[in-house]
Amino acid sequence: MSNICVVGTGYVGLVTGTCFSDLGNEVTCLDIVESKIAGLKRGELPIYEPGLEEMVKRNYDAGRLKFTTSYEDAVSKADFVFIAVGTPQGEDGGADLRYVESAAASIAQNLAGNTIIINKSTVPIGTGDWVAGIIDRSLERNPRSDVSFSVVSNPEFLREGSAINDFQYPDRVVLGSTDRAAAEKVAELYAPVKTSIIITDLRTAEMIKYASNAILATRISFINEIAHICDALGADVKVVAQGMGYDKRIGSQFLQAGVGYGGSCFPKDVKALAHMAEVANCHPQLLLAVMDINTDARRFFVQKIERTMGSVSGRTIAVWGLAFKPNTDDMREAPSLDIISALVRKGAHVKTFDPVAMRVAKPLLPAAVEYCDDPYGAVVGADALVLLTEWNEFKGLDFERVRDSMEHQYFFDGRNLYDPEEMTKLGFKYRAIGRPTH
């Protein structure tokens with residue numbers, strides 16, 4: 001088995017390192033944030049991901065998974081070094097590569113022997129060549145005859161909330177490099193997961209990641225625009241999407257209307273791809289429209305609430321769900337941030353509950369927001385209930401109890417989780433996204 005170093009202990013790095021250790025490799029996860037590494041050694045994870053805590057503990061106890069802040073310790077003995085640091089959105093809309101640059105420079109200073117460096121972070125097209133240049137220049141300044149390296153692009157396709165399953169049963173593994181032999185060695189690391197492996201050049205591999213996220217975000221914005229039209233014309237977007245999905249050319253994936261996409265990938269990557277296109281003198285018309293529609297989905301939902309209630313000023317509104325999707329505590333670009341902030345600005349008192357994301361959400365939301373211990377507590381005395389994240393535990397609640405706890409029974413379903421007819425029969429003034437009112 002191989003000796004692997006993973007730089008970065010966020011969603012991608014920690015899941016990647018842990019899953020490779022679970023395959024029997026010796027893995028060292030490296031992070032320059034000492035508190036994160038100290039916490040990981042105590043079994044405290046910096047993120048929430050189903051099943052990850054147990055897997056980390058099992059492999060850490062077995063000695064296959066280690067944590068360090070030392071590049072010297074982790075890189076010098078590694079056959080493979082994965083760069084899995086953050087690439088946040090920069091001020092110009094492009095990806096901020098400062099963490100990638102810092103990681104590449106530190107890796108270069110600590111290389112020993114023949115090492116394959118793998119870009120796992122989502123990076124702009126051309127970053128693989130750029131990383132190779134950083135390392136080349138470092139080695140030119142400090143020549144070492146025993147050191148050689150290759151750079152491979154290996155974009156990640158892990159979905160938060162199901163990241164372990166996505167690693168173990170991926171749709172494909174994409175590898176790009178100017179060194180075919182290096183790419184094939186990385187392919188051998190993935191041999192146990194038994195999936196299709198695409199080996200191509202660096203820039204094509206990098207583009208596959210952006211293009212994949214862009215088409216998924218486009219499907220979400222498409223169905224949200226159709227939902228807005230359904231609202232105006234009296235059609236049911238859920239049935240429309242079902243009818244579309246039976247067509248094998250279309251399929252049903254990512255055709256669930258709601259309040260828009262969020263998270264660490266889609267917003268940042270669509271904007272970064274549009275930025276790259278504009279820099280290259282292309283006109284990314286579709287990508288710009290996708291982003292506009294996503295912003296509109298949140299604004300339209302707030303307008304629906306106001307239009308139905310007359311005004312939210314002085315009203316108490318319960319919100320179920322804060323994370324951008326279920327099974328994660330990730331609040332990056334979560335629709336709840338915009339929607340709750342808008343409601344508070346308009347004079348509403350917001351009470352909220354989320355199974356895991358409240359700790360992360362609290363510093364990001366207005367100070368006036370009230371956090372509750374369970375979904376039932378959030379609705380006590382509420383004039384309206386708003387669902388923003390479709391957690392499974394919200395599906396089977398006692399809705400008679402919910403209804404009776406509320407002052408007024410307005411119910412705004414931002415994820416089309418419930419059946420309009422059933423909610424109406426229960427006595428709610430139920431409104432969903434692109435679905436007729438019963």
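Colleague: By class, which residues does the lining of the largest cavity have?
Modeller: The model is a predicted one. Asn-119, Ser-121, Thr-122, Val-123, Ser-153, Pro-155, Glu-206, Lys-209 and Tyr-210 line the largest cavity. Val, Pro and Tyr count as nonpolar, and Glu and Lys as charged, with the others taken as polar. By class, the lining therefore has three nonpolar, four polar and two charged residues.

Colleague: From where does the largest share of that lining come?
Modeller: Helix H9 covers residues 202-233. Glu-206, Lys-209 and Tyr-210 are among the residues that line the largest cavity. The largest share of the lining, three residues, comes from H9.

Colleague: What volume does the largest cavity have?
Modeller: The structure holds one cavity of 30 Å³ or more. The largest cavity has a volume of about 50 Å³.

Colleague: Which residues lie nearest the centre of the second largest pocket?
Modeller: This pocket has a volume of about 1100 Å³. Its lining is made up of 44 residues. Nearest its centre lie Gly-10, Val-85, Gly-86, Thr-87 and Arg-332.

Colleague: Which elements give two or more residues to the lining of the second largest pocket?
Modeller: By class, this lining has 20 nonpolar, 13 polar and eleven charged residues. Two or more residues are given by helix H1 (11-22) and helix H5 (98-109).

Colleague: In the crossing of H5 with H6, is the hand left or right?
Modeller: The contact joins Val-100, Glu-101, Ala-104, Ala-105, Ala-108 and Gln-109 of H5 to Thr-127, Trp-130, Val-131, Ile-134, Ile-135, Ser-138 and Leu-139 of H6. By class, it has nine nonpolar, three polar and one charged residues. As for the hand, the crossing is right-handed.

Colleague: How do the residues of the contact of H9 with H11 divide?
Modeller: H9 and helix H11 (residues 266-279) pack at about 115 degrees, their axes 9 Å apart, in a left-handed crossing. On the H9 side are Met-207, Lys-209, Tyr-210, Asn-213, Ala-214, Leu-216, Ala-217 and Ile-220, which meet Phe-266, Asp-269, Val-270, Ala-272, Leu-273 and Met-276 in H11. These residues divide into eleven nonpolar, one polar and two charged.

Colleague: Which residues in H12 does H11 meet?
Modeller: The axes of H11 and helix H12 (residues 285-309) come within 9 Å and cross at roughly 150 degrees, and the crossing is left-handed. Val-270, Lys-271, Leu-273, Ala-274 and Glu-278 are the residues on the H11 side. The contact divides into six nonpolar, no polar and two charged residues. The residues met in H12 are Leu-287, Leu-288 and Met-291.

Definitions and conventions:
Residues are numbered from 1 along each chain as its sequence is written. This is a predicted model: local features need pLDDT of at least 70, side-chain atom pairs count only at pLDDT 80 or more; totals for chains, interfaces and linings use all residues. Side-chain values use heavy atoms; hydrogens and water are left out. Axes are lines fitted to C-alpha atoms, for helices over the stretch in contact, and angles run from 0 to 180 degrees between N-to-C directions. Helices (H or I, at least four residues) and strands (E, at least two) are DSSP runs, numbered from the N terminus. A crossing is left-handed if the near helix is turned anticlockwise from the far one by less than a right angle, and right-handed if clockwise. Contact means heavy atoms within 4.5 Å. On a 1 Å grid over the protein atoms alone, a cavity is a set of points where a 1.4 Å probe fits but cannot get out, and a pocket is an open set with protein on both sides within 12 Å along at least five of seven lines; lining residues have an atom within 4 Å of a point. Grid points are joined across faces, edges and corners, and a volume is the space filled by probe spheres set on the points.
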